[in-house]
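Here are my notes on the model you sent. Please read them with the structure open.

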Amino acid sequence: MSSTATTRPNGLALFILPSALLFALFFFLPIGLMAVMSVLTGNPVVMPKVAFTTRHYARMIGDPFYFEVIWTTIRIGLVTTLVALLIGYPLAHWMARIKSRSGHALLLMAVLAPMLTGIVVRTFAWMTLLSDKGVINETLISLGLISQPLKLMYTETGIVVGLVHIYVPFMVLTLTGVIGRIDERLEQAAENLGASPLRAFIEVTLPLSLPGILAGSLLVFALAISAYVTPILLGGFQIMTLPILIYQQISANFNVGFAAALGIILLMISLLLVIAYNRALGLVSGQRELQ
Amino acid sequence: MQTTASHSPSLAAPQQATRTAAAARPYGRYLYLAVNIAILAFLLAPIAIVIVFALNPTPFIQFPPVGVSLRWFEKFFASRDFMHALWFSLEVAVLTTVSATILGASAALALARGNLPGTRLIVATMLSPLMLPAILTGLALFQTYVLLDVGRPTWGLVAGHTLVTLPYVVRTTLAVLHNFDTRLEEAAQNLGASPLRTFFEVTLPLIKPGVLAGAIFAFIVSFDQFPVSLFLVSPGNETLPVTLFNYLKFDLDGTIGAASVVSIVLAFVVVIGLDRTVGLRSYVKL
């Protein structure tokens, strides 16, 4: 790789052009336009006299409601990430360490199945589970454990449960790759030297899998803060997050400028996460090269 | 390398240690398995529940189910809105798969073989739609189409879907190209094959599994795509996830369950096909 990097691009390099064109026209241009729209007073196509303005951003800073929305979005993202990590790690560890090939294939199918089921479908599933007359409440009532249905839906807890279910496969797949690369003999050595399996895990495997934890967490967080379907359906239009607010500005108010400004805020948060994610993945591959 | 050196002197000690560890291990092992089975149940139960509600005949959520009926499947397949959405989704998914596969595979080829400068940055850029909120891609494209006054055409939707599915094709194709013995191509050229012939007779057959895997991912992701579609579909011409979402806002009957089962079955057929033809194992690394 390093020897070819010094040579000049060859004919095959031209094959990048169609994708480059796609990205230029349908990715960079639209995001650039979004940035421009966020500082304009109106739509330059319909309104001939548009001027530069910072009022969309000023509106966000001037009203604590928008801070509340951003904080709710980040809070839901953080809790989702933490829970996804806690339940994703054991499964990823099992997948990485399981010996039988068919066992691994079955686990992989189990992890991929929810991933392939579609966000709307899975949110529907959680609505049937969490609603007042849903599976969980009906079961608990018929068992006599509760007399009144628990309020599971239309709460942040409900949103988090749904989001964790949707994004935990991403965590598992990221972690499995990293844990799989950790030499199992290191754990065995620790156990041979007298450490309990738990201690060997905490002192050997866990620290070595930190880059994977970081990469998986950043990925899940980035996905969770941009979720729309699950927060709106499981939150019953009562809990406001940034993506819900953005779509509302377009669909209900047609305030394109303010939607663009909110979009830029979400983009900034996400870009920071993407950079951090690439750094974390760089750590993972750096580790692989060292081995 | 060091393990062989440290292995022999401590040969007696580990046997003792493993014996004491083995006594404590069963409980830890059972706990480990129990936790993991609970997690698997959490992952899979909602899918099972969807199937239960698709077959339960009552027009509202009722648990335990009171019977088995296919009325929601009949309603789904008889509904003009759902059928139109299903076919439109398939159309968009096919068009997206074709364009994402051609663009993504050629981009991967250029990145792996074209000696391009700044390859790492280009790869990071091409994979970025995976991590950037898809709702932003939808919003930005929506604004662009409004500004350019082009309406909400199908090609605009397909372009948006191509953008968010391209990374999958790039990634799976790059994975194959990196594990690829370039000496095979050199050998073909040394034996007198032109670069073009080498490409069609050596490179293309060898990267086919990666391209195919990427294509299947692209199809599934496009078929289930929601946030980009939300902004780019026109009323009366909606994709299945958007139609399901709009239905779900007001109705919670078994039709959604039936539609879900249809899409689950479709996804499983595709995945099993993928596993049979190319093997999933090497392509799902994130």
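1. Domains of chain B. In this predicted model, chain B is assigned domain 1 (2-55) and domain 2 (71-283). Such bounds come from an automatic or database domain assignment. Five residues from domain 1 of chain B and seven residues from domain 2 of chain B make up the contact. Two residues are in contact if their C-beta atoms, placed from the backbone, lie within 7 Å. On the domain 1 side in chain B, the class count is five nonpolar, no polar and no charged residues. Ala, Val, Leu, Ile, Met, Phe, Trp, Tyr, Cys and Pro count as nonpolar; Asp, Glu, Lys and Arg count as charged; the others, Gly among them, count as polar.

2. Ground rules. Residues are numbered from 1 along each chain as its sequence is written, and chains are lettered from A and ligands numbered from 1 in the order in which they are written. As the model is predicted, local features need pLDDT of at least 70 and side-chain atom pairs count only at pLDDT 80 or more, while totals for chains, interfaces and linings use all residues.

3. Domains of chain A. Here the assignment gives domain 1 (15-53) and domain 2 (64-290). Their C-alpha centres lie 32 Å apart. Seven residues of domain 1 of chain A touch six residues of domain 2 of chain A. The domain 1 side has four nonpolar, three polar and no charged residues.

4. Confidence in chain A. The mean pLDDT (the predictor's confidence in each residue, from 0 to 100) is 87 for chain A, and 95% of its residues reach 70 or more. Residues 1-5 of chain A fall below 50. Beyond near neighbours in sequence, that stretch has one contact in the model.

5. The A-B interface. How many residues of chain A are in contact with chain B? The count is 85 residues of chain A against 75 residues of chain B. Helix H2 (residues 17-37) of chain A gives the largest share of the chain A side, 12 residues. Helices are DSSP runs (H or I, at least four residues), numbered from the N terminus. By class, the chain A side holds 60 nonpolar, 19 polar and six charged residues.

6. A helix pair in chain B. Helix H4 (residues 80-113) of chain B packs on helix H9 (residues 195-224) of chain B at about 145°, with axes 8 Å apart. Axes are lines fitted to C-alpha atoms over the stretch in contact, and angles run from 0 to 180 degrees between N-to-C directions. The contact of H4(B) with H9(B) has nine nonpolar, seven polar and no charged residues.

Note on methods
Helix = DSSP H or I, 4+ residues; strand = E, 2+ residues; numbered from the N terminus.
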